[in-house]
Amino acid sequence: MAKDTPLLDVADLQVELITGQGVVRAVDGVTFTVRRGETVTLIGESGSGKSTTAMGVLRLLPEGLAVLSGSVRIAGRDVVADPDAARAVRGRTVSLIPQDPMTALSPVHTIGRQLGDALRLRHPELTRTEARDKGVELLGRVRISEPETRWKAYPHQFSGGMLQRILIATALAAEPELLVADEPTSALDATVQASVLDLLMELQEHTGIGMLMITHDLGVARLVSDRIHVMKDGRFVESGSAEEIVERPAEPYTRELLAAVPRLGTWDEDESSYGDGDGRIEPLVQGATS
Amino acid sequence: MTDNTAVADGTEGSDGTAADSASAAGPLLSVEDLVVEYATAQGPFKAVDGVDFQVPRGGSLAVVGESGCGKSTLARALVRLLKPVSGRIVLDGTDIAALPERRLRPLRRRVQMVFQDPYGSLDPHLTAQQIVAEPLRVAGVSDRVQRARRAAELIDRVGLPSSALERRPPEFSGGQRQRIGIARALASRPDLLVCDEATSALDVSVQAQVLDLLRELQADTGIAYLVIAHNLGVVREISTDVVVMRAGRVVERGATAAVLASPADPYTRALRRASLDPTTIRGVKPRAVLSAAAPDAASPSSPAAVASASPTAPATPLAPATPSSEGNRS
């Protein structure tokens, strides 16, 4: 792949879904790119087509019920024209962080088994022990403490925030160049969301990974994105840098969306606290066995 | 309750409203040292561990906190879906914490609840009219025609078209369903509405509409709200006073504006910092916002987080976030 080829190059993508009520054009001609080290965010409300776009890019929509047209080039390979290309890049060049950490993992297998499977999909030559060593290291990278012990634990033994980090580790097992994150923090508490977003941005700083982020949360979008595409009824109504979209929205829909976000107002935030430990909360031992 | 809207009439010889009652001077709801426990394999677990607060007549109090802090358990105890272990829940002068169901029943109409999940909280087989009219039947409105008329008024009151009456929940959007849930809660003309994350499943624009509706209803009828939420922005929109909960206890309380502008407790500050208002974020990918806000291990009150008492956590001990360090202001 030439150096200036975008990791993800989507041109005039359309997705038609075949439903009981007829054909619905869920995505109606969207064009965007994601380059190395960039985070590009699709923002919109339910039904805007943002998740369908993400799933279409990965060709994870049910074949036969979703008809794609246009082109989606992942590291130069068009996955719309060639379904085999999609299989070749998934879990290798590109991986997905799914939305709901509570249901994305199998409840009857240990997280070690599931993470090990993802690792061995990428590196079939790994033995079980090698996969385990690599997996434990990955869990450490996403800040799961005592990863050796946790390797044998089941999903129900983790909190939502930890499961989301395990899913990030599973996505990273592919050593992807591009991450597609579909509402990766929507199911999480604010403070946990902060830690997961922080982790993703840190990974990006270190690895130069490209990210396609799907969210309905303008605060999240403003924080993590280089560019934002505002989506409504399957189309981009407005595109621009994160700052432009939030500070100088041109389209009425973007303005309405921004106006609907409850304001927090100013506060006596201590800016100098950034970077040190202030505001970190020690886990409570008492009363924490729910 | 100053009833002067469409919601007001329709029920027969209505039982006493807050205004008639003998103790009209006191708060509508007073919660005192409330403890709610769950039985677990490891023994009893205190989900709510000695909570105090008051809701004035026509007032609006928010209880804010993250998953597992006990706020939903608290809500369920207040409407006596759960029975507290100890403490008092004084509703207009009557302690309902330990009241047997038989004596509780007449009081149930005065406190109603709007639930979080607009999909799971309405019976999909019933029409909107049946859903809204059912509490009236329970409250003893025996005349079907009267119930239907009142249901129609309520549906209109929450901003739905009359054509909604004959439709069933699957035909409505999440926001419309939440309006039906609110209409159902209003049917018995309660003095207090407990809203448990009533807008958190909704899109931001729909959330804004539902918050508008709640404010409008309060202005018209003087109903009081106890709002359970995790979103500080929502809390700021709907409440005048706030109680911040963590691990079953109140860590901070005060006027909402004051607490959000100048949070005293370290946990409230962390929550405030982690709450992202797009309009106040500056700079390109400002990671510092996150690293300052992120707690070290997952959900602070989750068992996993506790078990991990994370070795990656900065060793710097902070002002101890003891649950008892209660910043008391108003």
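The crossing of α7(A) and α8(A) is right-handed. A crossing gets that label if the near helix is turned clockwise from the far one by less than a right angle, and is left-handed if anticlockwise. This is a predicted model, in which local features need pLDDT of at least 70, side-chain atom pairs count only at pLDDT 80 or more, and totals for chains, interfaces and linings use all residues. Residues are numbered from 1 along each chain as its sequence is written, while chains are lettered from A and ligands numbered from 1 in the order in which they are written.

Two packed helices are described by the angle between their axes and the distance between the axes. Helix α7 of chain A spans residues 160-172 and helix α8 of chain A spans residues 190-207. Their axes come within 10 Å and cross at roughly 15°. That angle makes α7(A) roughly parallel to α8(A). Angles under 35 degrees count as roughly parallel, over 145 as roughly antiparallel, 65 to 115 as roughly perpendicular and the rest as oblique. Axes are lines fitted to C-alpha atoms, for helices over the stretch in contact, and angles run from 0 to 180 degrees between N-to-C directions.

Which residues meet? From α7(A) come A:G160, A:G161, A:Q164, A:R165 and A:I168; from α8(A) come A:V192, A:S195, A:V196 and A:L199. Contact requires C-beta atoms, placed from the backbone, within 7 Å. By class, this contact has four nonpolar, four polar and one charged residues. Ala, Val, Leu, Ile, Met, Phe, Trp, Tyr, Cys and Pro count as nonpolar, Asp, Glu, Lys and Arg as charged, and the others, Gly among them, as polar.

Now move to A:T254, in helix α11 (residues 252-260) of chain A. A:T254 counts as buried because it has 22 C-beta neighbours inside 10 Å. The cut-offs are 20 or more other C-beta atoms within 10 Å for buried, 12 or fewer for exposed, and in between for partly exposed. A:T254 touches A:V230, A:V237, A:E238, A:I245 and A:P249, not counting residues up to four places away in sequence. A:V192 lies 62 residues from A:T254 in sequence and 27 Å away in space, C-alpha to C-alpha.

Step back to the whole chains. Chain A has eleven helices and ten strands. Helices (H or I, at least four residues) and strands (E, at least two) are DSSP runs, numbered from the N terminus. Buried residues make up 51% of the 290 residues in chain A. Chain B has eleven helices and eleven strands. Of its 330 residues, 51% are buried.

Terms used: Contact = placed C-beta atoms within 7 Å.
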